[in-house]
Amino acid sequence: LDLCVAIEREQPVGAAVYALTHAATERFNALDEAMHEEDSEIETAAREQIAADVDFILHTYGYGDLDLEEAIAPRDW
């Protein structure tokens, strides 16, 4: 949701959206780290769903031509 709000607020042009997707990915990294501290983790299915959701958001906002792997490049999960 934060990613969608940021895209709507900033309306980045082209690859500039990567700064926003990277920030969102870093928040998931922080969540995963907090989960590890509680002897848990973001499971494989959830990781795949997060990536699919980012891809859906990119397509929905007209950034479908951008590379999903680059969009979530800073991921640690």
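Four salt bridges: that is the count here, with a salt bridge taken as a side-chain nitrogen of Lys or Arg within 4 Å of a carboxyl oxygen of Asp or Glu. Before the details, a word on the source. This is a predicted model, where local features need pLDDT of at least 70, side-chain atom pairs count only at pLDDT 80 or more, and totals for chains, interfaces and linings use all residues. Residues are numbered from 1 along each chain as its sequence is written, and side-chain values use heavy atoms, with hydrogens and water left out.

Let me start with the pairs. Side chains of opposite charge can pair when their charged atoms come close.

Take Arg27 and Asp2. Their side chains meet in a salt bridge, at 4.0 Å from N to O. Arg27 sits in helix 2 and Asp2 in helix 1 (residues 2-10), so this pair ties together parts that are 25 residues apart in sequence. Helices here are DSSP runs of H or I with at least four residues, numbered from the N terminus. How exposed are the two partners? Arg27 is partly exposed, at 42% relative accessibility. Asp2 is exposed, at 51%. The cut-offs are these: buried is under 20% relative accessible area, exposed is over 50%, and partly exposed lies in between, with a 1.4 Å probe and protein chains only.

Next, Arg9 and Glu10. Their closest N and O atoms are 3.5 Å apart, and they form a salt bridge. Arg9 counts as exposed because its relative accessibility is 58%. Glu10 is partly exposed, at 46%.

Then Arg75 and Glu69. This salt bridge has an N to O distance of 2.9 Å. Arg75 is partly exposed, with a relative accessible area of 29%. Glu69 is also partly exposed, at 44% relative accessibility.

Asp32 is found in helix 2. Leaving aside neighbours within four places in sequence, Asp32 is in contact with Glu41, Ile42, Asp76 and Trp77. Contact means heavy atoms within 4.5 Å.

Stay in helix 2 for Thr25. Thr25 counts as buried because its relative accessibility is 2%. Which residues does Thr25 touch, not counting those up to four places away in sequence? Ala71, Ile72, Pro74, Arg75 and Trp77. Leu66 is 41 residues from Thr25 in sequence, and the two are 16 Å apart in space, C-alpha to C-alpha.

Glu26, Glu33, Glu37, Glu38, Asp39 and Asp76 form a negative surface patch. Such a patch is made of residues with over 30% relative accessible area and no salt bridge, with like charges joined within 9 Å. The place of a charge is taken as CG of Asp or CD of Glu. Areas come from the Shrake-Rupley method with a 1.4 Å probe. Glu33 is exposed, at 52% relative accessible area.

Another member, Asp39, has a backbone point to note. Its phi is positive, about 60°, although Asp39 is not a glycine. Asp39 is found in the loop between helix 2 and helix 3. It is exposed, with a relative accessible area of 77%.

Where does Gln11 lie? In the loop between helix 1 and helix 2. Phi of Gln11 is near 45°, a positive value in a residue other than glycine. Gln11 is exposed, at 59% relative accessible area.

Last stop: Gly64. Gly64 lies in the loop between helix 3 (44-60) and helix 4 (68-71). Is Gly64 buried, exposed or partly exposed? Partly exposed, because its relative accessibility is 30%. Not counting residues up to four places away in sequence, Gly64 touches Leu58 and His59. Val5 is 59 residues from Gly64 in sequence, and 18 Å separates the two in space, C-alpha to C-alpha.

That is the tour. Questions, please.

Terms used. Helix = DSSP H or I, 4+ residues; strand = E, 2+ residues; numbered from the N terminus. Patch = residues over 30% accessible without salt bridge, like charges linked within 9 Å, V, L, I, M, F, W, Y side chains within 5 Å. Lys, Arg positive; Asp, Glu negative; His and termini not counted.
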